[in-house]
Amino acid sequence: MTHPTGRKADHTIDPIFLDRWSPRAFTGETMPQETLLSLFEAARWAPSAANSQPWHFVYGHRGTEAFDTIFNTLFEGNRRWADKASVLVAIVSQTHIPNAEGELRPAFTHAFDTGAAWAYLALEATRAGYYGHAMGGVDREALKEVLGIPDNFRVEAALAIGKIAPKETLPEDLMQREVPSTRKPVTAFISEGKFSA
């Protein structure tokens, strides 16, 4: 199954999985709040251990102080292009969750579950004509401080959301990288019965 993006699936899947990728060239246009809420609604329905739903998203629309606050914690490589995103988001997970007695206990799958929520959000963004680019290049401690994130939460990543612009709007070195990436074949990460690398 070859897709217009040039990606090729070795097994039958819905085309949205090939549509979704992480561009850097964004138009900077305003994203309607209702559209953004639909992305968060999709994240809401992600699976989580014990239905704990440990994810939290802190966002800011372009042109707002909230956007600038998140933007200023990005590493320089991401600041080169993320200023044209429609929305910036801090993706946060709850590392400890209260038990029935109100005591905080470790949530061992917090990052796993939050990753599922981000994936749901990313797919809904693609369906709606937007794209999300998650970024590990962020000062997590600074972001935690400026956003007032409690100690029992961890910043997992930052996220830029927007509509794709022509790659020519990027600096030359980034323009060359502005293509959907490929993936390892399924056989590289599965094994039956016993782990084998």
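Modeller: Let us begin with a pair of strands in what is a predicted model: G132 has I161, a residue of β6, as its bridge partner.

Biologist: What makes β5 and β6 a pair, and in which sense do they run, parallel or antiparallel?

Modeller: Two strands are called paired when at least two bridges are found between them, and β5 and β6 have five bridges, in the antiparallel sense.

Biologist: Why is F57 called buried?

Modeller: The label applies under 20% relative accessible area, and F57, at 15% relative accessibility, therefore counts as buried. F57 lies in strand β1, and, leaving aside neighbours within four places in sequence, F57 is in contact with F40, A43, V89, A90, I91, A117 and L121. The C-alpha atoms of F57 and F40 are separated by 8.3 Å, while the two residues are 17 apart along the chain.

Biologist: Why do you say that the buried residues of α2 line one face of the helix?

Modeller: The buried residues are L36, L39, F40, A42 and A43. Seen down the axis of α2, the buried residues fall within an arc of 150°, so they line one face. What covers them includes β1 (55-61), β2, α5 (110-127) and β6.

Biologist: Which residues touch the most other members of the largest nonpolar core?

Modeller: Among its 26 residues, L74, W81, A82, L88, M135 and A160 touch the most other members. At least two residues each come from α3 (65-71), α4 (76-82), β2 (87-94), β5 (131-135), β6 (153-162) and α7 (172-175), and β6 gives the most, with four residues. A82, leaving aside neighbours within four places in sequence, is in contact with F67, F71, L74, L88 and M135.

Biologist: What does the second, separate core include?

Modeller: That core has 19 residues, including A46, F57, V87 and L121, so F57, buried at 15% relative accessibility, is one of the residues in the second core.

Definitions and conventions
Residues numbered from 1 in each chain as written. Predicted model: local features only at pLDDT ≥ 70, side-chain atom pairs only at ≥ 80, totals over all residues. Heavy atoms only, no water. Core = buried A, V, L, I, M, F, W, Y, C linked by side-chain atoms within 4.5 Å. Buried < 20%, exposed > 50% of the residue type's maximum accessible area, 1.4 Å probe, protein only. Contact = heavy atoms within 4.5 Å. Arc of directions from axis to C-beta.
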